[in-house]
Amino acid sequence: MRIVLLALLMIVTCSQAHAKEYGNYDPKRMLTVAETPSGKKYGIDGKYLDLMLNDLALHAKNYPARFDTPQDQQRAVQDVKTLSGMLDILVNGPSPNAELLVRAGFLNSIGHNLDIPGSAEKTAAIFLRLLATAPADPRGNYMYGSFLAGAGKSKEALPYLEKALAVGVVDAAYALGMAHLTLGDKQKAIENLEAYKQQRPGDGNVAKLIDGIRSGQVEIKRTRN
């Protein structure tokens with residue numbers, strides 16, 4: 001089950017806006033090869049990987065995904081599938097790099113928002129593996145908590161988001177507010193959103209969201225996958 005927030009006060013300014021065009025990428029460029037005295041050494045072009053992840057996040061960090069054209073979305077789906085397969089090889093070893101686990105988990109959470117089969121299971125497995133070795137990892141807790149909340153598992157998301165907030169992830173306050181809202185606790189939702197607003201005074205939408213919650217003009221819609 002997915003959670004979609006309909007903030008009625010924000011429909012005109014946000015939900016009808018067109019997404020920026022998704023870029024053209026070659027996922028194979030992520031892999032690097034260097035000649036060494038002992039032979040070829042394979043690595044990752046982290047900058048290129050992050051470039052793709054940042055663009056994908058602009059369109060599909062949340063559900064539903066928003067693309068300028070259906071063709072853009074199709075290319076994004078193929079890119080996520082290709083990247084996910086490549087990262088599988090790198091993170092399934094005995095001692096995977098924590099940075100790659102974070103990125104692989106985030107990539108597959110985007111895949112879930114793009115309705116790619118199996119992405120939800122891979123997201124959970126990757127983040128749980130990361131948090132098993134680094135329970136206090138800020139990004140791991142925040143990203144996994146956000147994924148759970150967006151997947152309709154708000155109650156399960158709370159401890160991860162609370163850990164992230166406790167170690168200074170400001171955006172976790174927003175995610176906590178939304179999670180509490182989906183659980184029907186408007187008071188805690190507003191408390192966390194107000195805390196987020198204090199740290200992100202430039203985010204004008206959160207003030208509208210808080211007003212919408214107080215006035216009852218916000219609806220939570222649950223849709224099945």
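**Helices, core and charge pairs**

Student: Does α4 pass α5 in a left-handed or a right-handed crossing?
Tutor: This is a predicted model, where local features need pLDDT of at least 70, side-chain atom pairs count only at pLDDT 80 or more, and totals for chains, interfaces and linings use all residues. Residues are numbered from 1 along each chain as its sequence is written, and side-chain values use heavy atoms, leaving out hydrogens and water. Helices are DSSP runs (H or I, at least four residues), numbered from the N terminus. With left-handed meaning the near helix is turned anticlockwise from the far one by less than a right angle, and right-handed meaning clockwise, the crossing of α4 and α5 is left-handed.

Student: How are α4 and α5 oriented to each other?
Tutor: Their axes lie 8 Å apart, at an angle of about 155 degrees. Axes are lines fitted to C-alpha atoms over the stretch in contact, with angles from 0 to 180 degrees between N-to-C directions. Under 35 degrees counts as roughly parallel, over 145 as roughly antiparallel, 65 to 115 as roughly perpendicular and the rest as oblique. So α4 and α5 are roughly antiparallel.

Student: Which residues of α5 meet α4?
Tutor: Contact means heavy atoms within 4.5 Å. On the α4 side, the residues include Leu101, Val102, Phe106 and His112. They face Ser119, Ala120, Lys122, Thr123, Ile126, Phe127 and Leu130.

Student: And how are α6 and α8 oriented?
Tutor: α6 and α8 have axes 10 Å apart, at about 20 degrees. Their crossing is left-handed. Tyr142, Ser146 and Ala149 in α6 meet Asp171, Ala172, Ala175 and Ala179 in α8. From the angle, α6 and α8 are therefore roughly parallel.

Student: Which residues have the most contacts inside the largest nonpolar core?
Tutor: A nonpolar core joins buried Ala, Val, Leu, Ile, Met, Phe, Trp, Tyr and Cys through side-chain atoms within 4.5 Å. The largest one holds 46 residues. Among the elements giving it two or more residues are α2 (46-60), α3 (70-91) and α4 (98-113). The residues with the most contacts inside this core are Ile110 and Leu114.

Student: How many residues are in the second, separate core?
Tutor: Ala173, Leu181, Ala189 and Ile190 are included in it. The count for this second core is 12.

Student: Is aspartate 72 buried or exposed?
Tutor: Aspartate 72 forms a salt bridge (side-chain nitrogen of Lys or Arg within 4 Å of a carboxyl oxygen of Asp or Glu) with arginine 75, at 2.6 Å. Both lie in α3, three residues apart, about one turn of the helix. Buried means under 20% relative accessible area, exposed over 50%, partly exposed in between (1.4 Å probe, protein chains only). Arginine 75 is partly exposed at 24%, while aspartate 72, at 5%, is buried.

Student: How many residues apart in sequence are lysine 122 and aspartate 88?
Tutor: Their side chains meet in a salt bridge, 2.7 Å from N to O. Lysine 122 lies in α5 and aspartate 88 in α3, so the pair ties together parts separated in sequence by 34 residues.

Student: How many salt bridges does the whole structure have?
Tutor: Arginine 200 pairs with aspartate 171 at 3.5 Å. Asp50, Glu99, Arg103 and Arg139 form a salt-bridge network. Searching the whole structure gives eight.
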